[in-house]
Amino acid sequence: MASNHSATEESTKRHKVEGPKKHVIAFIFSLALTLIAFAAVMGGEINKDFIYIILMGTAFLQVFVQMAFWMHMKDRGHTFALIGILGGVFIVFTCVIMAEYWAWW
Amino acid sequence: MSAHSHVDGQLPHEPEKATLEGRNKVLGFWLFLGGETVLFGTLFSAFLALRHQVLGGPPAEELFNLGLVAAATLILLTSSLTSVFAVHALHTHQVKSLIMWLIITVVLGAGFLGLEIYEFVHYVHEGHGFTTSAFSSSFYTLVGFHGAHVAFGILWISLLIIQLAKKGLNTTTAPKVYIASMYWHFIDVVWVFIFTVVYLMGKVG
């Protein structure tokens, strides 16, 4: 399996580049997103809808950082992992949207 | 990348994916996390639907103390980082540093859990019991389920630390560490949504 061999080499190369430094950057990025979310709520009178948009934006960005970098989602060979988790996320969105509308009506 | 006298022969670079069993464990764990996502999603949707039904109990904006939540968030986020360092140590085959990072992760997890227990006790004293209102029931079910996951993770990783200390790092123990780390990140991901949806959106109203 020549292709397999080169794939291993490729991932070795990638991991050599990707030291703990990259994880610290991801950590700082997550911290900043958390800070923005808390500041938006604690920082006084901003438009409520605008705060909601900020909160959702920072939350999804942070999840993206965690999944891609810390859970190695961006590495190759994660197609089925992506299908598995997206299947879950799809059901979640259905539930959340349903529950929100049910509560509003 | 020196000093792997503990290893019989040379371990591959990613020992968690060296065996078919290891690869299947990682894949199976992703599917499990998909199911966990659904579990938490249903709890989130129940909470979203019921969060304004306070029935005379304290509402979210009076109840929540964001300082405490920020501290818990910081602790859990840091523990996510230390479990990444643990996987990094796994990839460079440094068992001692792997065990050390796992211990730090467990200690931080225990700190988070301690804060959460303190928070819950405080809320009960404020008149926010499990059966007070639909808001309180859905709150405790959602946040408590997450806390139970943290507690389970602490137990799991502690057992892994013991096994690593006894058996060292090999192609059997490596996938276990890897998926435990995935589980820990997932807990942090769920917490991101809890502090956003439950606490911050609760404060906004």
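Reply: Begin with buried area, which is the accessible area (1.4 Å probe) that two parts lose on being put together, summed over both. The size of an interface is often given as the accessible area lost when the parts come together. This is a predicted model, where local features need pLDDT of at least 70 and side-chain atom pairs count only at pLDDT 80 or more, while totals for chains, interfaces and linings use all residues. Residues are numbered from 1 along each chain as its sequence is written, chains are lettered from A in the order in which they are written, and side-chain values use heavy atoms, without hydrogens and water.

Me: What area is buried between chain A and chain B?

Reply: About 4,000 Å² is buried between chain A and chain B, and carbon and sulfur atoms give 82% of that. On the chain A side, A:F38, A:W70 and A:M71 lose the most area to chain B, together 16% of what that side buries.

Me: How many residues does the contact take from each chain?

Reply: Contact means heavy atoms within 4.5 Å. By that rule, chain A brings 46 residues and chain B brings 47 residues.

Me: How many salt bridges are counted between chain A and chain B?

Reply: A salt bridge needs a side-chain nitrogen of Lys or Arg within 4 Å of a carboxyl oxygen of Asp or Glu. Between chain A and chain B the count is 0.

Me: How many helices and strands are there in chain B?

Reply: Helices (H or I, at least four residues) and strands (E, at least two) are DSSP runs, numbered from the N terminus. Chain B has 6 helices and 0 strands. Its C-alpha trace spans about 65 × 30 × 25 Å along the principal axes.

Me: Which residues of chain B does UniProt list as "transmembrane region"?

Reply: UniProt positions are given in the numbering used here, feature names are shortened, and annotations may be inferred rather than shown by experiment. The unreviewed UniProt entry lists residues 27-51, 63-86, 98-118, 138-162 and 183-202 of chain B. In the model, residues 63-86 are 92% helix and 0% strand, with end C-alpha atoms 37 Å apart. Residues 183-202 of chain B are 100% helix, and their end C-alpha atoms lie 27 Å apart.

Me: Is A:F60 buried, partly exposed or exposed?

Reply: Buried means under 20% relative accessible area, exposed over 50%, and partly exposed in between (1.4 Å probe, protein chains only). A:F60 counts as partly exposed because its relative accessibility is 38%. This residue is found in helix α3 (residues 48-70) of chain A.
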